[in-house]
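Please keep the sequence and the coordinates at hand.

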Amino acid sequence: MFEVRYHDSVNVLQEMFAARGAAWEPTGPFDRPEWYAGLAETGLRPLVVTAQNDASKAALVLTQEAGRLSSLTNWYSFTWRPLVSAEATYEAALEATACDLRGKGHRVTLAPVPNEDGSATRLAKIFAAAGWRVEVSQCDTNHVLKVQGRSFSDYWASRPGPLRTTLTRKGNKVAIDIIERFDEQAWRDYESVYEASWKPAEGEPAMLREFAQAEGKAGRLRLGIARHEAKAIAAQFWTVENATAYIHKLAHRDERANLSAGTVLTAALFKRVIDQDGVDIIDFGTGNEPYKRDWMEAFRPRFQIDCLDMKQPQAWIDLARLAMRRSREPHVPALARLPLDS
């Protein structure tokens, strides 16, 4: 039996998962309690649902508004998934949670959930077994490179001709720095480039800065700056963890686009994480921008799992809205065919 509790603070995650060992390790930055602490500091109101027994513990980190519960995320989050300490009790702990959530809200929306590890499939089936009406749709795309033991030279030889030509022509026109420890001047350079770029205003710059500081302290930061005549003209914020390189942010100054500093800097960071850090995967985050296909070779869907309590009238209204939305979107074959209602 699992005891299910509700908490209005993410501090419980630190208490639950502080003793990290073989039973539970974060797979990346978006699974750590510290990540959720950063989200809460931006003003998001957490609702942490925990299930524990003597052998294991699990948590769904959510937020709630107007009777709807949803994943605690923001635009910096590549993924969201449950935190579960023991694989053997994954289904049991989360089914206890899903059952207890009935009556706490008319709808639970979980996104963006990956499925390369089976998270989306398992969650959809667990909530269906607990009596929820489950609707699954693709909400985003994640472009990745699977290195598969290649060197950077091997990888680069397979890139499109125009990309390789750009590096050959422009590579010696900019100077590259790649910084592993947080540096105030380097971060100011990053911020100045971002502010002068085509990018929209940064959503939560204080959170991003604190995240970069923590990643630098842990040795996971890879902050790349490209300069021309001593002026920063392109910047990229990466981290490396568990054999994966994450590309969080990138920008360049529009007025120096002729130098292709963004391309030169990206190539330098690819070389760094492949040849020196020895990563297995480079993760370009969410979004289906065409330029990502020049660098990446595979994509992974990210899913939204909508769980509706059909005993509540508002759930029927939301189901109709979901049906209208899905009728206007491409069919998603990977999960839509799951026999969730059986």
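In this predicted model, strand S11 gives four residues to the lining of the largest pocket, which is the largest share. A pocket is defined on a 1 Å grid over the protein atoms alone, as an open set of points where a 1.4 Å probe fits, with protein on both sides within 12 Å along at least five of seven lines; lining residues have an atom within 4 Å of a point. The lining comprises 25 residues, and Trp-75, Phe-78, His-248, Lys-249 and Thr-286 lie nearest the centre of the pocket. Two or more lining residues come from each of helix H8 (205–217), strand S11 (244–252) and strand S12 (281–286). These elements are DSSP runs numbered from the N terminus, helices being H or I with at least four residues and strands E with at least two. By class, the lining holds 14 nonpolar, six polar and five charged residues; Asp, Glu, Lys and Arg count as charged, Ala, Val, Leu, Ile, Met, Phe, Trp, Tyr, Cys and Pro as nonpolar, and the others, Gly among them, as polar.

Strand S3 (residues 57–65) pairs with several strands, where pairing requires at least two DSSP bridges. Strand S2 (residues 46–52) runs antiparallel to S3 and is joined to it by seven bridges. Four residues separate S2 and S3 in their hairpin, and Gln-52 has Lys-57 as its bridge partner. Four bridges connect S3 with the antiparallel strand S4 (residues 68–71), where Glu-65 faces Arg-68. This second hairpin has two residues between its strands, and Ala-66 adopts a positive phi near 55° there. S3 is also joined by two bridges to strand S5 (residues 83–84), again antiparallel, with Ala-58 partnered by Val-84.

The structure holds 29 salt bridges, each a side-chain nitrogen of Lys or Arg within 4 Å of a carboxyl oxygen of Asp or Glu. In one of them, the closest N and O atoms of Arg-32 and Glu-215 are 2.6 Å apart. This pair links distant parts of the chain, 183 residues apart: Arg-32 lies in the loop between helix H1 (11–17) and helix H2 (33–41), and Glu-215 in helix H8.

Confidence is expressed as pLDDT, given per residue by the predictor from 0 to 100. The chain has a mean pLDDT of 92, with 94% of its residues at 70 or more. Over residues 336–342 pLDDT stays under 50. Where pLDDT is low, predicted coordinates should not be read in detail.

Residues are numbered from 1 along each chain as its sequence is written, and side-chain values use heavy atoms, without hydrogens or water. Local features need pLDDT of at least 70 and side-chain atom pairs 80 or more, whereas totals for chains, interfaces and linings use all residues.

Notes:
Contact = heavy atoms within 4.5 Å.
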